[in-house]
There are 2 protein chains.
Amino acid sequence: MTKTGRKAVAGNDRGGNLTVDGDRLWDSLMRMAEIGALPGGGCRRLGLTPEDSAGRALLVRWAEAQGYGIGRDRVGNLFIRRAGTRPELAPVMMGSHLDTVMTGGRFDGVLGVLGGLEVMRSLDEAGIATQRTLELVVWTNEEGARFAPGNTGAFAFSGKYTLEQALAHADLDGTRVGDALQALGEAGDEPVGNRPVDAYFELHVEQGPHLERAGVPVGVVTGTYTVRYFNLTIMGDAAHLAQPLENRRDALVGAAEAILAIRRVGVSHGEDGRSNASWIEVFPNVRGTVAATVRMSCDVRHADPEVTQAMAADLHAAIGDASRRSGVAMQLEPFHRFGPILFDAGLVELLRDTARRRGHAFRDIVTVAGHDAIALAPVLPTAMIFVPSAGGLSHNEREHTDPAACAAGADMLLHAVLARAGHA
Amino acid sequence: MTKTGRKAVAGNDRGGNLTVDGDRLWDSLMRMAEIGALPGGGCRRLGLTPEDSAGRALLVRWAEAQGYGIGRDRVGNLFIRRAGTRPELAPVMMGSHLDTVMTGGRFDGVLGVLGGLEVMRSLDEAGIATQRTLELVVWTNEEGARFAPGNTGAFAFSGKYTLEQALAHADLDGTRVGDALQALGEAGDEPVGNRPVDAYFELHVEQGPHLERAGVPVGVVTGTYTVRYFNLTIMGDAAHLAQPLENRRDALVGAAEAILAIRRVGVSHGEDGRSNASWIEVFPNVRGTVAATVRMSCDVRHADPEVTQAMAADLHAAIGDASRRSGVAMQLEPFHRFGPILFDAGLVELLRDTARRRGHAFRDIVTVAGHDAIALAPVLPTAMIFVPSAGGLSHNEREHTDPAACAAGADMLLHAVLARAGHA
């Protein structure tokens, strides 16, 4: 018995007993996790740092050992190419990211990249050529933990950002994406995007609890939540701590009322509702002074766009209440929105078929989180495969997906890609 | 009529009609306020920065114009000396600080320094020599806004810190106090402390509303509040925002419950009670991740030490409640305490007498805030004079004390110092 409990799965596609090597996939995941490893079992490979670059270099060594082509575009997206027999056809893409958040896990992003590598290796091992070229893509700076916002590479590829815009994004020290790419040698000569792609598949961990709760190893992602982001500014008045409590307009007390109000909005919309206060900046934030101002990021999200709309209205009312309760002025401004985005209907149906053919229990699922696939969906036929996250935990060092589920996800990817790329 | 409505005040001390020049004092306050001036009318002269040093240089130019001696000790405390006729006697000190918080006012600290200068100038003008030497001291880094904690110079002088400890304190970039002193040329050759001082008087703005409410221009400070500081650590669990609300242990939600609980402790102990959550640090503090941990500074304070003790017990209970409500573990640890400190009984009585003789309405008051005088009180006979802060506002760009009150405070300082230093 292998570590993954891998066995030949009967299927009726041309791939027959073809499947991935779950042990090899797991080993590569664990090897990658050594780069930027943290004491709690997780990883820190912030986008466009030496750790991120080291992760990419390991992937390139593995790819070169298989004889695949390596390409990089000007925004640093990395392409591993397994040539097809009909180079005139648009390629089939797989991909995700290798960068992590500050205390990230071993699977978020990495599974999609190394799952794609495993697909290519399995085809090599089985001696199967495809008609379309397969491209495995590592998108630049998905997480945006150092250079915010994220999805830099995918948004540049999709044309949402011009190359100049993408390269000009700066981190908190003023270093620009373009400077970091040059310093690391991660920028290539290929133009960014603007070329035909037959299909883009992304395998990813769910980052929520639904697949685990449903007891299925595979989720076919049909589209996204609808999310509305806001910037909240809380305007108190700086004062010495000697100021009596009843005379203060303490922005931190206002922030506390706001954080609890934001949470109540999500709770009141059931288990599919989410509301978040995540990023906060307090000024002047010193021990001797009542806080003058607080800036905060918050958002509401739901699978149903109409409910998201209702939540946004509730959020405005809740912030008004928090302002009255704390006696501190607050301003809530729309910052960004996304969704609902529906993935390509043909690819979604192909994934459902693949799960049935391959014997993987699955359910349809809508993603709460943002992904490179979502950035690409407006311009490419796109779909995603989810596998369970233990306890729904992600962006956490204890993030975990068991080896059998990783293998099931990669098996889904293999057969969907093969169906689309065609046996030679 | 002058700006300050200054008039000769009848008195029965040897100073007779001697008083300060309120206009000159006000002009010097406004000149100093131009250094590090902020758009909202306040100042930023963080301790041991070029702005702080420029403020000191202006004072030194004024002092040199009067022919006073200038000295600096090894921790950068600056001494302006007006020689007495009996140098064998211990000097009488006045002082405060010129450094400010990030968005500080024009009076906090500065009034005590420039009030002291005005005392010396007024004695010059009246042709009065004193037996004891007068020393006006600018204490290094009172606020601690860049190099925390504050009171660096006063604590080094009092022997609470060794010189080595004081010089080793570092800012967030790792720059040490000793390095900053060297870079600015603010360190001198004089040993720190360990010498006799007859008395130390500090004139300061109240930074609270009590004198204004009482309608009196002068407060005789008898001692300090009793304050207990705590560090609060809130231990949630990092998670992707896709995590359902009911599965989260969101440290920021825990912090919100804690901030409101801390405030309730102070409110429940009446108008003399204060409770504060002022400094907060959130990790990882990014838009895409549920907060894993929050660290926070909090304190409780009251004029009555027994009430402070009761408030500390209430705080422990309140944090326990906040932890249960938010489902997030919290740890409250004692960090520091001070008070009650009583100022020197003889000096306090001298200040009350001086107010009566000079015709200044006054009341006794206990300070809620920390001051250089408090750091010095354990080793020197020490007392403080307060003047009103408009609206009780301080550590705020709109901090304001009217010219007549500034002059009244300086007049108090003049006559108390003269009584102690003795006419030659």
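The contact between the two chains takes 61 residues from chain A and 61 residues from chain B, where contact means heavy atoms within 4.5 Å. The model is a predicted one, in which local features need pLDDT of at least 70 and side-chain atom pairs count only at pLDDT 80 or more, while totals for chains, interfaces and linings use all residues. Residues are numbered from 1 along each chain as its sequence is written, chains are lettered from A in the order in which they are written, and side-chain values use heavy atoms, with hydrogens and water left out.

The size of an interface is often given as the accessible area lost when the parts come together. Chain A and chain B bury about 5,300 Å² between them, with 56% of this on carbon and sulfur atoms; buried area is the accessible area (1.4 Å probe) that two parts lose on being put together, summed over both. H240(A), L245(A) and R287(A) supply 14% of the area that chain A buries against chain B, more than any other three residues.

R213(A) forms a salt bridge with E246(B), the closest N and O atoms being 3.9 Å apart. Across the interface of chain A and chain B, 23 residue pairs are in polar contact (both at pLDDT 80 or more); a polar contact is a pair of N or O atoms within 3.5 Å, and within protein one must be able to donate a hydrogen and the other to accept it, with residues adjacent in sequence counting only if both atoms are side-chain atoms. The side of chain A that touches chain B divides into 26 nonpolar, 21 polar and 14 charged residues.

Nine residues of domain 1 of chain A are in contact with eight residues of domain 2 of chain A, and the two domains bury about 730 Å² between them, 58% of it on carbon and sulfur atoms. The count between these domains is one salt bridge. R213(A) also forms a salt bridge with E271(A), the closest N and O atoms being 3.8 Å apart.

How values were computed:
A salt bridge is a side-chain nitrogen of Lys or Arg within 4 Å of a carboxyl oxygen of Asp or Glu. Ala, Val, Leu, Ile, Met, Phe, Trp, Tyr, Cys and Pro count as nonpolar, Asp, Glu, Lys and Arg as charged, and the others, Gly among them, as polar.
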